[in-house]
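The following note sets out points for discussion on the model under review.

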Amino acid sequence: MTARDVLKQTEGVSPLSRLAQRAPAFQNSPWEKVDRLVSGGPADTIYFGNGTPSREVIPFARLQEASQRAWAEVMETPGALDYGNAAGLNELRDLIAARIKRNLGIRAERQNIIISNGSQQAIDYLCRLMLDPGDTIIVEGPTYLGALQIFDTYQVNYIVAPLDDCGLDVDHLRATLASSPVVPKLLYTIPTFQNPSGLTMPLERRQTLIELMREYGVLILEDDPYGELWIDEPPPPALRALDPGVAYLGTFSKTIAPGIRSGWVVAPDGFAEMLSIEKEIVDIHNERLMMRIVRNTVDGFLDEHLIGARALYRARRDAMLSGLARFLPSGTSWSLPGGGFFVWVTLPDGISAVELLPFAAKRGVAFLAGEWFYPGYVSADAASNLRLNFSTLPEEKIEEGLRRLGDAITAFVEQGDSSS
Ligand SMILES: Cc1ncc(COP(=O)(O)O)c(C=O)c1O
């Protein structure tokens with residue numbers, strides 16, 4: 001059969017009906033639902049769905065000044081805006097290597113650090129390198145839904161590892177693996193101030209997890225956007241600080257601003273060159289001017305700046321915990337995050353968070369439903385859970401939002417009682 005014969009058969013067939021097998025994964029975002037609900041609610045809706053730093057702690061003036069310095073450097077440096085090194089600006093890679101050693105106990109050289117367009121892109125790079133359709137990976141249940149969106153495009157099967165109060169339940173995972181017919185390739189974990197639960201894995205458990213994954217030859221992908229945003233005390237060492245075989249992802253999205261799209265991978269031993277080549281294939285390298293701006297912003301500034309950010313987040317976290325106790329019905333429980341941006345709430349009496357959401361949104365408060373943080377964006381285990389963000393709202397808004405949420409739950413339950 002020639003191409004012409006094929007053409008005859010497909011005459012009039014739309015390219016939309018000939019999409020790749022991975023394409024359905026691009027049509028299934030929970031964000032759309034939330035946006036629709038929130039934009040249809042009252043103008044003063046209090047939105048607990050964010051995952052961003054507070055506007056007050058984004059260092060706009062420092063970024064502007066760093067940008068002016070970056071332009072001056074560019075004007076003086078021949079070739080500064082030509083194509084460059086795929087792994088990124090060396091001065092920024094060196095700065096990151098020094099910071100993560102000092103602040104997170106991670107020993108890495110410049111050669112192991114590849115600058116990425118946020119950790120979102122870095123997750124994709126690791127997946128692209130590791131995963132074939134039909135492979136199995138382990139994710140925490142619940143986990144970051146943006147990562148699930150990526151994994152879905154690689155057409156993987158999931159083992160969902162449940163959390164207990166100390167993060168990923170390693171004993172449970174051990175039992176699951178012992179009876180699993182397949183050996184997974186990769187574990188995606190957020191061990192510190194987890195999104196969405198806010199939980200942190202203690203040191204001993206980190207060590208046990210690493211040993212278990214070594215036993216099965218599973219690559220650990222450690223995603224750590226919140227590790228430096230501790231409130232009460234610094235978290236235990238990163239998994240990568242305990243094992244150079246871990247792929248570690250960092251980002252300036254939560255400590256500076258998400259719009260600068262600046263993150264990095266600390267490549268596991270043996271992976272750095274392949275990841276650099278991948279970066280070159282996909283987008284050649286990060287934007288070279290922005291890498292200078294980030295270097296100039298971070299250097300001699302960020303550590304000090306984070307002290308103020310922590311104080312602001314502490315006040316908001318505390319307002320959220322006391323508001324939950326005051327306004328939510330008895331039987332509600334929640335996590336106690338020591339940092340990061342989120343509290344994970346469990347509603348009483350099997351109340352469905354997905355059903356509550358439109359009801360609450362009409363009353364001026366919105367959140368993300370817990371089951372969206374599971375593969376397929378559904379989970380019977382998390383039907384009564386919701387994620388609340390405390391980083392972006394001032395204390396009085398947090399209080400008012402929780403008052404509205406408490407009222408919405410009461411009205412929702414009463415409505416259910418009267419219709420049954
Ligand atoms: C756990 C986790 N990983 C990755 C990201 C994406 O970060 P970035 O802006 O660096 O791509 C987020 C953002 O919310 C996150 O919470």
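1. Domain assignment. The domain assignment of the protein chain gives two entries, domain 1 (20-57 + 304-412) and domain 2 (82-300). The model is a predicted one, and the points below should be read accordingly.

2. Contact between the domains. The C-alpha centres of domain 1 and domain 2 are separated by 24 Å. Each side is represented in the contact: 31 residues come from domain 1 and 31 residues from domain 2. On the side of domain 1 that touches domain 2, the elements contributing two or more residues are α12 and β11 (342-346). Of the contributions to that side, the one from α12 is the most, at five residues.

3. Helix α12. This helix covers residues 302-327, 26 residues in total, and spans 36 Å from its first C-alpha to its last, which is close to the 38 Å expected at 1.5 Å a residue. Which residues of α12 are buried? They are L302, A309, Y313, R316, R317, M320 and G323. In general, an α-helix has 3.6 residues a turn, so residues three or four places apart point the same way.

4. The nonpolar core. The largest nonpolar core comprises 107 residues, and I114, A247, V265, V266 and L388 have the most contacts inside it. Both domain 1 (20-57 + 304-412) and domain 2 (82-300) supply residues to this core, so it lies between them.

5. Surroundings of A247. A247 is one of the residues with the most contacts inside that core. Leaving aside residues up to four places away in sequence, A247 touches L126, L219, I220, L221, E222, V265, A267, P268 and F271. V265, among these partners, is likewise listed with the most contacts inside the core.

6. Packing of α5 and α10. The axes of α5 and helix α10 (residues 272-283) come within 10 Å and cross at roughly 110 degrees. Angles of 65 to 115 degrees count as roughly perpendicular, and α5 is therefore roughly perpendicular to α10. Y125, R128 and L129 of α5 make the contact with M274, L275, E278 and K279 of α10.

7. R128. This residue belongs to helix α5 (residues 118-130). Is R128 buried, partly exposed or exposed? R128 has 15 C-beta neighbours inside 10 Å and so counts as partly exposed, since burial requires 20 or more and exposure 12 or fewer. R128 and E278 lie 150 residues apart in sequence, yet their C-alpha atoms are 8.6 Å apart in space. Both residues take part in the contact of α5 with α10.

Terms used
Residues are numbered from 1 along each chain as its sequence is written. This is a predicted model: local features need pLDDT of at least 70, side-chain atom pairs count only at pLDDT 80 or more; totals for chains, interfaces and linings use all residues. A nonpolar core is a set of buried Ala, Val, Leu, Ile, Met, Phe, Trp, Tyr and Cys residues joined through C-beta atoms within 7 Å. Domain bounds come from an automatic or database domain assignment. Two residues are in contact if their C-beta atoms, placed from the backbone, lie within 7 Å. Helices (H or I, at least four residues) and strands (E, at least two) are DSSP runs, numbered from the N terminus. The expected span of a helix is 1.5 Å times one less than its number of residues. Axes are lines fitted to C-alpha atoms, for helices over the stretch in contact, and angles run from 0 to 180 degrees between N-to-C directions. Angles under 35 degrees count as roughly parallel, over 145 as roughly antiparallel, 65 to 115 as roughly perpendicular and the rest as oblique.
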